[in-house]
Amino acid sequence: MFYREAGDFSTTYAEDQQTFPIKFDRYRYYLVLFVAIFIVPFVLNDYWVNSLMMPFLIYSIAALGLNILVGYCGQVSLGTGGFMAVGAYSCYKFMTGVDIWWGGELLFRLPEFNIFFAVIMGGVMTAFVGVLFGLPSLRIKGFYLAVATLAAQFFLVWLFNRVSWFYNYSASGQISAPERELFGVLITGPSTTPWAVYLFCLFFTIASAVIARNLTRGAAGRKWMAIRDMDIAAEIIGVNPLKAKLTAFMVSSFFIGISGALFFSVYLGAVEVGEAFGIQKSFLVLFMIIIGGLGSIFGSFAGAAFLVLLPVALKVVGVDWLGWPTDIVAHLQLVIVGLLIIVFLIAEPHGINQLWRVAKEKLRLWPFPH
Amino acid sequence: MNEQLAFTIEVFANGLMAGVLYALVALGFVLIYKASGIFNYAQGVMALFAAMTLVGIQNGQVPFAHLINAIFGTDVHKFGWHVHSFLAILLTVGVMILLAWAVQRFVFRHLVGQEPIILFMATIGLAYFLEGVADLMWGSELKALDVCAAEGACLPQGMNMWLEGTTYEAFGYGFFIDNLDIVASIIAALLVAGLVMFAQYTKQGRAMRAVADDHQAALSVGVSLNFIWILVWSLAGFVALVAGIMWGAKSGVQFSLSLIALKALPVLMLGGFTSIPGAIVGGLIIGVGEKLFEFLIGAPFLGGATENWFAYMLALLFLVFRPQGLFGEKIIERV
């Protein structure tokens with residue numbers, strides 16, 4: 001009734017193969033885009049941007065990236081926090097001009113990058129690092145690989161803590177984003193406007209989603225899924241596991257790097273690596289894609305939205321309405337998140353995405369379910 | 001004797017002692033993994049939970065005191081009694097067995113036959129849940145843990161004077177080793193011996209090994225899978241309690257206790273997920289390796305704190321050459 005494909009005829013291959021072949025889906029997608037681009041920026045205030053929209057958009061990108069690796073290619077990674085740190089620190093270095101030293105002398109200094117390109121470079125550098133740490137995946141599988149990616153997590157955080165070159169020798173050991181603008185509008189720094197940072201993040205989120213969607217339904221994505229479902233069989237039908245796994249690591253790290261760069265430069269502004277990009281972050285993003293649904297683009301968004309909203313909602317209910325102390329609410333939050341994960345895994349191992357799919361199926365038949 | 005060499009030997013000995021503690025945590029992982037194929041990430045939090053419960057029972061704290069006070073506006077904190085350590089340990093073991101039953105009944109019974117990765121995620125969820133419950137139950141502040149058999153006969157603290165004295169006379173250099181570490185090593189050795197005896201010579205132990213070998217075959221000869229899994233989780237809970245006592249006595253009961261679970265992971269990778277001796281040897285290698293690396297290379301050349309990542313890097317490099325670990329079963333893949 002509400003959701004139907006009747007009367008939708010595809011007459012060309014292009015029509016048949018588009019991302020949303022059903023008209024209703026397509027219009028819904030356009031509507032969401034329209035609202036996100038043309039309506040939300042005008043009604044936003046500081047609180048909404050900082051506590052909901054920005055974390056949601058940025059974590060969505062990270063979840064998309066991790067979902068490509070875990071959901072599509074089946075390689076479990078616990079190094080997300082570390083990779084986000086790489087994105088953040090590369091973005092910082094490119095924003096402030098990379099200085100190359102040799103033998104105690106300044107060899108040369110790159111010009112300062114525009115913030116847009118600095119964020120992109122954050123992704124590119126992370127892609128390199130991701131491939132490096134993805135190399136062991138060719139020999140190690142399953143849990144062993146998950147633990148091996150922990151090496152990336154701890155090593156990278158340690159590296160950014162210890163090597164002062166990464167934080168431009170600042171005394172505090174923190175990195176803080178200087179004021180940068182795009183088309184004359186401030187994007188980073190303390191005096192930004194909500195709509196500008198929102199649109200900046202939104203652009204990256206939409207671009208990532210479009211790229212991810214098109215990669216995963218193309219040849220690359222099919223190779224990843226073949227590897228995920230059975231690597232030996234995939235190898236026999238001619239999928240090169242080296243290429244497939246490393247491209248998955250590369251693309252995934254690229255997105256994660258972008259999200260790390262945005263997280264630091266636009267969202268937080270100043271970052272201490274152990275705090276912002278610790279092991280907890282890796283688990284958080286992993287939970288997002290489990291709750292949202294492994295191997296789905298929509299699931300990445302749904303999971304990110306869920307886990308961004310949950311603490312805010314709990315805080316509103318617990319602290320503001322019931323007036324409980326914040327530490328109790330924080331502990332309750334742990335309990336609830338843990339319970340939710342277990343309940344989700346038992347009731348619906350395929351996450352919110354599967355719920356949505358079932359709902360769509362129901363809506364198609366409604367009100368005559370037979 | 002050469003000063004530098006003596007230092008190195010001392011670092012080596014301390015590494016061995018730290019390794020024993022890693023091995024203790026790793027042991028809990030191996031027990032569960034062998035019997036049920038579940039990679040139990042919550043092992044570290046179980047150690048934290050056990051240690052906090054022990055302290056809470058000892059001091060006569062009211063469970064969930066903060067929560068109760070917040071909801072009902074009361075002001076209760078303590079029962080006002082002090083429980084003897086021995087009784088408190090027994091009670092804590094009881095709590096851990098209850099926990100094992102609950103975990104089996106409410107979580108993993110519903111997840112039988114799921115993919116290993118789903119089970120792993122469930123244990124992460126369990127870890128969060130337990131951590132939150134532990135904090136709500138007993139409060140999240142740092143607690144001192146002391147286990148005393150009788151008045152004045154507690155777990156020893158400080159360095160061993162006797163060892164320092166004798167080694168000073170023998171080599172002209174006194175070795176510095178914590179009393180607690182020595183006790184921990186002895187207890188760990190006893191625990192491992194006990195576990196091995198249990199697995200080899202008792203009926204339940206044999207059933208446990210049968211389940212580890214082949215679930216279906218064990219079922220068909222009349223072993224109750226459910227019971228064995230509860231047994232294994234209880235054993236893992238007991239091991240967690242021992243590890244929690246040792247770590248807690250060393251550095252206080254606090255959140256960082258649950259992070260030792262992460263340190264146990266490279267230990268497992270080195271030793272192989274399915275081997276009890278592997279967990280011990282892996283723990284010793286990691287303990288010694290990271291202390292020696294920090295002492296010889298990390299502190300002088302890399303700016304220190306290399307202990308954070310050395311274990312993982314070592315395990316990573318090691319796995320590239322031997323993917324199943326030192327003692328793990330050979331990985332055979334059939335299509």
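Student: Start with chain B. In what order do its elements run from the N terminus on?
Tutor: From the N terminus on, the elements of chain B run α-α-α-α-α-α-α-α-α-α-α-α-α. There are 13 helices and zero strands in chain B. Helices here are DSSP runs of H or I with at least four residues, strands are runs of E with at least two, and both are numbered from the N terminus.

Student: Is this a predicted model, and how is everything labelled, or what should I know first?
Tutor: This is a predicted model: local features need pLDDT of at least 70, side-chain atom pairs count only at pLDDT 80 or more, and totals for chains, interfaces and linings use all residues. Residues are numbered from 1 along each chain as its sequence is written, while chains are lettered from A and ligands numbered from 1 in the order in which they are written.

Student: What is the average pLDDT of chain A?
Tutor: Chain A averages 84, and 99% of the residues score at least 70. pLDDT is the predictor's confidence in each residue, from 0 to 100.

Student: Where is confidence lowest in chain A, and where highest?
Tutor: Lowest in strand β2 (residues 105-109) of chain A, at a mean of 75. Highest in helix α10 (residues 241-268) of chain A, at 90.

Student: What does β2(A) pair with?
Tutor: Strand β1 (residues 99-102) of chain A. The two run antiparallel, joined by four bridges; pairing takes at least two DSSP bridges. Asp99(A) stands opposite Arg109(A) in β2(A). The hairpin has two residues between the strands, and Gly103(A) takes a positive phi near 60° there.

Student: How many helices and strands does chain A have?
Tutor: 15 helices and six strands.

Student: And what radius of gyration does chain A have?
Tutor: 22 Å. A compact globule of 370 residues would have one near 21 Å, so chain A agrees. The radius is taken over C-alpha atoms, and the globule rule is 2.2 Å times the number of residues to the power 0.38. The C-alpha trace of chain A spans about 75 × 60 × 45 Å along its principal axes.

Student: Pick a residue. Leu186(A): buried, exposed or partly exposed?
Tutor: Partly exposed, because Leu186(A) has 16 C-beta neighbours inside 10 Å. Buried means 20 or more other C-beta atoms within 10 Å, exposed means 12 or fewer, and partly exposed lies in between, with C-beta atoms placed from the backbone. Leu186(A) is found in strand β5 (residues 185-186) of chain A.

Student: What is Leu186(A) in contact with?
Tutor: Leaving aside neighbours within four places in sequence, Glu179(A), Glu181(A), Ser191(A), Thr192(A) and Ala196(A). A contact is two C-beta atoms, placed from the backbone, within 7 Å.

Student: Now the interface. How many residues of chain B are in contact with chain A?
Tutor: 42 residues of chain B, with 36 residues of chain A. The elements giving two or more residues to that side of chain B are α3 (65-72), α5 (116-138), α11 (260-271) and α13 (307-321) of chain B. α5(B) gives the most, with 16 residues.

Student: Which residues have the most contacts inside the largest nonpolar core?
Tutor: Ala88(A), Ile341(A), Ala23(B), Leu24(B), Ala26(B) and Val232(B), in a core of 212 residues. A nonpolar core is a set of buried Ala, Val, Leu, Ile, Met, Phe, Trp, Tyr and Cys residues joined through C-beta atoms within 7 Å. Helix α10 (residues 225-251) of chain B gives the most to this core, with 17 residues.
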